[in-house]
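The sequence and structure come first.

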Amino acid sequence: MLESTILNHRQHVGLQKLSALAGVSHSCLGPNKKYKFIQDDVCGESALACSCFRIIESLELTCAVGQLVHETIQAHQNVYHTGSGCLLFLAGAWSRAALDCLQRGISVAHIISAMSEGMDVCMDVCRKCTISTEGLAVKRDTATSSGLQLQLAEKLTTNASRVSNVNHKTLNISEQRKIKLSRHFCETKPQPQLPDITHIAEGLSHGCDDTMTLVVEAFQRLLKTNQQDTSQFMFDISKVVTCVLPGLPEQHACVVPGCVVLLSAEQTLVAHHLNEQHLKVVLINGDLSDTYRHLGFKRLKGVQRVSDQLSASSREDEWLAKVVGLLLNLEVKLILVSGLASEKVIQRCCTHHVLVVEKVKVSVLKTFADSTGAIPVTYATQLSKHCVGSGAGVKIWRDLGSHDSKSATAVNVSAGMSSELVTVVLTSCVHGKLQALEDQFWACAYRLHHALKDRALLPGAGRTEMLCIHHLKQLVECSRETNHSQQTTRGTAANHYRGVVLHLMAEGLIDYISTVMVNTGRFSKVKARMVLSRQLQNCNKHLGISENFSQLFLEDDGEDSAVFSEMKPVEALEIYDNLSVKQEAWRKALDLVFLVLQTDAEVITGVGQKTDAALENVTLL
Amino acid sequence: MSRLDKKSPSLCTDRPLDNTDISNKLNLLRQLLKSCFGPTARLKQVHNNIGGHVVTTSSSSVLLPVISSSQPFINLIKASILNHVSRFSDCGLFAAIFCLALIEQAKRSGLRGNVSIRVNKHLLALCSGYLQGEDCGCKVKLDFCSSHNLITLARSIVSSKPACVLTEQETLHISKLAVQAFLLTVPCSSSGTVSLGKIVTVSVEGYSVLTSVVFPGLLVDMPDGLCLTKFDYLSNPIRMVLFSTSLAGDLSDLGDGMIEVHAGVDTESQILDQLLELGKQVVDDEVKLFVCQKVVHPVLQQYLRSHGIIVVERVGITIMEPLTQLTDAQPVATLHTKIPSKAYGKVRELSMKQFGSKTMLHLQPLGESVICTLLLCHRNETMLSELKVVCQKTEHVLRLTLREPSALLGGGCTETHLAAYVRHKSKNEAPEAASVLGCSQTEYLLGVEVFCRSLEFVAKALQHDGGNSLIDLTHAHHWTLPADVLEEHMEDSLGFCGCGLVESSPSRKWTFLDTKYTEFLPLALVGDSRVQPRVLDSFTAKLSALQVATETANLALDVRYIIQDVN
C-alpha cells in the first residue's frame with residue numbers, strides 16, 4: 001500500500017513540522033539551560049532532560065520529519081557530543097526562512113542556490129575568524145594589561161583579513177607551518193607553545209564552569225601520567241571514564257586516577273581482601289556465563305538431550321567448575337567483563353576471592369590489555385597462561401555506606417602503577433539529574449577535545465554569528481545595488497530573490513543569538529533585538545573596526561559594547577566556540593532544511609486496507 | 001480441525017483503463033514519478049506506517065520497489081519498469097513517465113485501442129531506427145581518448161538526484177571519481193576475452209563529500225578494534241585463504257525436526273576441535289591472511305592471531321566476488337576437508353588505512369588491478385545512501401558505453417528532437433503508413449500526436465518550479481523559461497538549451513511545447529567541436545527505456561479484463 005500526500009507548495013507541511021519540532025531546542029541554548037520534564041502519559045514515568053538530543057531521544061517521533069531530525073541529531077551527537085541544540089534551532093529557523101520564501105513565491109531551486117551561497121559565506125567567515133589555540137598561549141603570557149588585551153582580541157578576530165601584516169602571535173596553523181619551513185625562522189622560533197588549557201576551557205565552559213573544572217583536572221592528570229608528545233597535544237577521551245554516584249551532594253564530584261567502579265556488598269569483601277596487591281587480571285569481551293555465545297553464533301533449535309544415567313550436576317555447574325578451576329590455576333584475581341556476569345559466577349568467584357567487574361567499557365579493556373599484557377578473550381574456557389595480564393590493582397576508594405542498595409562501595413581498579421585511566425566521579429542528590437550531569441560532562445570534555453584537535457577556536461558569545469550576519473547583509477546590499485543598476489539584464493529575478501533569501505537566512509541567525517540572549521535572563525526579546533541591530537548598524541558605520549563585536553551574552557543592559565569592554569576589562573572573560581562543531585552543526589541544519597524543503601510527498605509502506613480509513617489526506621495506490 | 005470458509009468469487013474488472021479507481025491511481029503514480037524527475041526534482045520520504053527509518057529519495061530504483069498497490073494493473077507496470085532498471089540502472093523514471101503518459105494520452109485521444117497499439121509499435125521502430133542511424137541529430141559519439149564526455153555523462157547522472165545535496169564542486173568531484181574508478185576496472189592488457197573488474201563502494205558517514213577517494217585494490221572493513229594484529233613486515237607475496245562458509249562453530253543448517261543428542265556429547269567443542277584442526281593446517285601452509293565471509297569463532301581467531309595471522313571476518317557476500325578476482329583464491333565452503341593448495345590466493349601488499357572511525361585493511365593484488373574501492377563520504381546517512389545509489393548507477397552506465405560508445409543529448413533535448421522528427425517523418429508518409437497499419441490517415445495522425453505529446457510530456461516533466469517549456473524551430477531542442485520571466489525578456493533569460501549545445505540568439509524562433517507548430521525536419525548541429533554538450537544521457541539505457549515503455553503501454557492498452565482471485 002502507499003500513501004501519498006501532495007502538498008500545497010506555499011504551505012509546506014514538512015517545513016512547518018520541522019520548525020515546530022525545533023521549538024523544543026529553545027530552552028537548551030546558551031549558558032543558562034532549563035530542565036524539561038518529559039512525561040509518559042501511559043505509564044506515568046517521567047524523565048528529566050536538559051540537552052536537546054535527550055529531549056528528541058525521549059520523544060517518540062513517528063512522523064517522517066521527526067525521524068529525520070532524530071537521525072541527524074543522533075549522528076551529530078555520536079561524533080561531536082555537543083552542539084545539537086544549535087543544530088536543531090537553526091534547522092527550525094532556516095525552515096521558517098524557507099517557508100517565508102515559498103510564501104513570497106520564490107522557487108525551491110532559487111532558495112536552495114541562495115541558501116547554499118549563504119552557507120558558503122558563513123563557512124568562509126568561520127574559517128577567517130579562527131583563533132589559533134597556540135596563539136592563545138602567547139596571548140596569556142604577554143598581554144596582561146587590559147589595553148593590550150583588547151587590542152589583541154581585535155586582531156584575533158580579523159587576523160585573516162590582514163594576514164600580511166599580522167604578527168606571529170595570531171597566526172593560524174597553516175601560517176605557522178610555513179614559517180617553520182623557513183630556515184630564517186627555524187632558529188629563533190621557540191618550541192610550539194602549549195595552549196593555555198585553563199583559559200581555553202574557561203572560554204568553552206559556556207556556563208558549566210564546575211563541570212569544566214573537572215574536565216581540565218582530568219585532562220591534566222592524563223597529561224601527567226601519559227607524558228604525551230607535546231607536538232601532538234591532544235585530549236584522549238577514550239582514557240576518561242565516568243562514574244555516577246547518587247546521593248552525594250554535587251560538590252563531591254571529583255577526578256580520580258584509575259577506573260572507579262561500584263561494587264555490591266559481598267564483592268566489597270573481596271575487594272578489601274585484595275586491597276593494594278599486585279593482581280593477575282583477565283579480560284573477557286562478552287558475557288561471563290555458560291549460555292553466552294559470540295555474535296553470529298546460531299543456536300541449535302529442537303535438540304533433546306538423552307541420557308542413560310541420572311546426572312547429578314547440570315551443564316552450568318560443570319562449566320562453572322571448569323572456569324573456576326581454570327581461574328584458580330592461572331592465579332587470576334581480577335576479571336573485567338565487557339558484558340554481564342551470571343550471578344553464580346560472581347558468587348563462586350567471591351568465595352575464592354576473585355573479583356568480577358561487569359559492564360566495563362571496551363576502551364577500558366583495551367587500556368588494560370595494553371598496560372598489563374592481558375589478551376582479551378570471548379570465552380573464559382579459552383583462557384590460557386599468555387592471556388593473563390599482571391600488575392593490576394584494586395583499591396578501596398570510598399565506602400558509601402548505604403545499607404540496602406546494591407552498590408555499596410566504590411573501588412578503584414587500576415592497570416598497573418602508572419594508570420593511564422582517569423575517572424570522573426559525578427554526584428548528585430537528585431537521581432534524575434545524574435544523566436544530565438553526565439551529558440554535560442561529556443559535552444565539556446568533547447569541546448576541549450575538539451578545540452585541541454582543530455587547534456583553533458571561534459570567537460564565542462555570538463561574535464561569530466554576528467560576523468556572519470554582517471557579511472550576509474553586505475551581500476544582500478550588493479545584490480540590491482546590482483539590481484538597481486542592471487534592471488533588464490538576465491537573471492535579475494534570481495538576483496533579487498537571492499537578496500531576500502540571504503536576508504531571511506541572516507534573520508535566522510539573529511533569531512538564534514537573540515534567543516540565547518533572552519535565555520541568559522538579562523534581556524527581553526525586544527531588547528535583545530534592539531541591541532543586535534544597533535551593533536550591526538555601528539559596524540556598518542565604522543568599517544575600519546567593523547569586525548569588533550562585543551560578547552553579547554555577557555553584556556549588561558544596553559551599555560555600549562565598546563564602553564563596556566573598556567570599563568570592565570577584568571570581568572570580560574573571553575568566550576569561545578568550537579570551529580568544527582559549529583561548522584558541522586550549521587551544515588547539518590541546512591542539509592535537513594534542504595531535504596525537507598525538496599520533499600513533496602511521503603510514501604508510507606505497509607498501510608493496510610483497514611487502517612487507512614483513519615488517516616486523512618491519504619491517497620492509496 | 002480446520003474450518004472451511006466459503007470461497008468468494010473472483011473479482012473481474014472490465015476495461016480497466018475506463019475504471020475510475022484505476023485511472024485515478026495511474027494518475028497518482030504519474031504525478032508521483034513525474035515530480036521525481038530531473039535535477040530539480042522533489043524528493044519523497046519513504047517510511048513504514050509505524051515510524052521506522054526514513055529514506056529520502058527520488059531514484060526509481062529505491063522508490064519503485066517500495067510502492068505496491070492493491071491494483072494488479074499498477075503492479076504490472078511497476079514490474080516492467082523495475083525490470084528495465086535492474087538491467088540498465090538508468091532511465092527508469094523516463095520509462096515510467098513515458099509509459100504512463102502514453103497510456104493517458106491514448107485514452108484521452110479516444111483512439112481505438114488496437115489502432116494506438118499498432119501506431120505506437122510503428123513509431124517505436126521509427127525512433128529506434130533513427131536513434132541507431134548514422135545521421136541521428138541527438139546522438140553524440142563518445143571519444144575514449146578524452147575523459148571529457150565521460151565526465152559529462154557521469155555528471156548528468158550524479159546531478160540528476162537532488163537528494164544527494166551536492167554543490168557544483170562536489171558534483172564534479174564525484175563524477176571524476178566515478179570515471180576514474182570505472183577506468184580502473186578496465187584491464188590494460190587485452191589478450192583474449194577481456195573481463196572487467198569491479199568497483200566496491202564503501203561509505204563513511206560524517207565527512208565532507210570532497211574527501212571521497214578511489215583506491216586501486218580492495219579495502220576491507222576491520223570492525224573489531226580490540227583484536228587488531230600489529231604487523232610490520234610480511235614476505236611478498238602474501239598467502240591468503242578465503243572462506244565462504246561460517247566458521248562460527250555452530251550447526252546451523254540441520255533442517256527442521258528434533259535431534260536427540262546424548263547428554264555426554266558436546267557438539268560445540270567437537271566442531272571447535274575441527275575448526276582448530278583447520279587452523280593448524282592454515283598455519284602449516286604459511287598462510288598470513290585469513291578472510292571469512294561470515295563469523296569466525298573467537299577461539300580460532302585467537303589461535304590464528306597467536307601465530308601471526310591477520311584475521312578478517314564478516315566481510316559480507318558483496319566483497320566475495322571482487323576478493324576472489326583480486327587474490328585468485330577459491331572460496332572454501334566447508335570445514336570438513338583439507339584445504340586444497342590451489343584454493344589459496346595471493347596478495348602483493350597489505351596495509352592499514354584509517355578513515356574516520358573506520359579501520360580498513362587495504363589489499364593490493366599481485367598483478368594488474370581491475371578491482372578498485374570507491375570510498376564515498378557525506379555528511380549524513382540519508383544523503384550518503386542516495387549518493388551510493390547514484391554512483392552505482394553511474395558505474396553501470398559507463399560500462400554500457402563500452403558496448404555502444406554513444407550518448408544522447410540530455411536535458412529533454414532528445415525527447416523534443418525525437419518528437420519533432422517523428423512528426424515530420426510521419427506527416428510525409430501518412431498515406432502509406434495508414435494503409436499498412438490498417439487505419440485511416442486521421443487516426444494515424446492522431447496516434448502520432450499521442451506519441452509525440454507523450455515524449456514532450458517527459459521533457460516538460462523536468463520542470464518543477466512552474467516554468468515553461470519551449471522548443472526551438474531549427475534544431476528542436478528543449479528550452480526552459482523560468483516562471484517569473486516576462487515574455488519580452490525571453491531571449492535574454494533562455495541562455496542555453498537543456499543539453500547546453502545551442503545558445504539563444506535573436507534569429508532563433510521558439511514555440512511553447514503545448515502549442516501546435518508546423519512540422520519541420522530538425523537539423524543536427526554540424527560538427528562545431530568547440531561547443532560540447534553539458535548534459536548527456538545513456539544511449540543504451542534510453543533506447544531500452546523507450547522500448548520498454550512503449551511495449552508496456554501497449555500491453556496496458558491491450559488489457560480487456562482483470563480477473564482477481566480475492567481468496
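## Strands β12 and β13 of chain A

In this predicted model, strand β12 (residues 389-399) and strand β13 (residues 409-414) of chain A run antiparallel and are joined by six bridges.

## The six-stranded sheet

In chain A, β12 and β13 belong to an open sheet of six strands, in the order β7-β13-β12-β8-β10-β11, and the pairing in the sheet is mixed. The edges are formed by β7 (259-263) and β11 (355-357) of chain A; each has a single partner strand, so one side of each has no neighbour in the sheet. From one strand to the next, the twist averages 35°.

Strands of a sheet pair through backbone hydrogen bonds, in either the parallel or the antiparallel sense.

## Salt bridges

Over all chains, the count of salt bridges comes to 39. One of them joins the side chains of E250(A) and K433(A), with an N to O distance of 2.6 Å. E250(A) sits in the loop between β5 (240-246) and β6 (254-257) of chain A, while K433(A) sits in the loop between β14 (422-428) and α16 (434-454) of chain A; the pair therefore ties together parts that are 183 residues apart in sequence.

Between chain A and chain B the count is three salt bridges. K44(B) forms a salt bridge with D600(A), and their closest N and O atoms are 2.4 Å apart.

## The interface of chains A and B

How many residues of each chain are in contact? Chain A contributes 69 residues and chain B 66. About 5900 Å² is buried between the two chains, 57% of it on carbon and sulfur atoms. Across this interface, 14 residue pairs are in polar contact.

On the side of chain A that touches chain B, the elements giving two or more residues include the helices α3 (64-80), α5 (108-128) and α18 (492-519) and the strands β9 (303-306) and β17 (599-605) of chain A. α21(A) gives the most to this side, with eight residues. By residue class, the side of chain A that touches chain B divides into 32 nonpolar, 22 polar and 15 charged residues.

## A strand pair between the chains

Strand pairing also links the two chains: β9(A) pairs with strand β9 (residues 259-262) of chain B in the parallel sense, over four bridges. Within this pair, R305(A) stands opposite V261(B) in β9(B).

Technical notes. Residues are numbered from 1 along each chain as its sequence is written. Chains are lettered from A and ligands numbered from 1 in the order in which they are written. This is a predicted model: local features need pLDDT of at least 70, side-chain atom pairs count only at pLDDT 80 or more; totals for chains, interfaces and linings use all residues. Side-chain values use heavy atoms; hydrogens and water are left out. Contact means heavy atoms within 4.5 Å. Buried area is the accessible area (1.4 Å probe) that two parts lose on being put together, summed over both. A salt bridge is a side-chain nitrogen of Lys or Arg within 4 Å of a carboxyl oxygen of Asp or Glu. A polar contact is a pair of N or O atoms within 3.5 Å; within protein, one must be able to donate a hydrogen and the other to accept it, and residues adjacent in sequence count only if both atoms are side-chain atoms. Ala, Val, Leu, Ile, Met, Phe, Trp, Tyr, Cys and Pro count as nonpolar, Asp, Glu, Lys and Arg as charged, and the others, Gly among them, as polar. Two strands pair if DSSP finds at least two bridges between them. Axes are lines fitted to C-alpha atoms, for helices over the stretch in contact, and angles run from 0 to 180 degrees between N-to-C directions.
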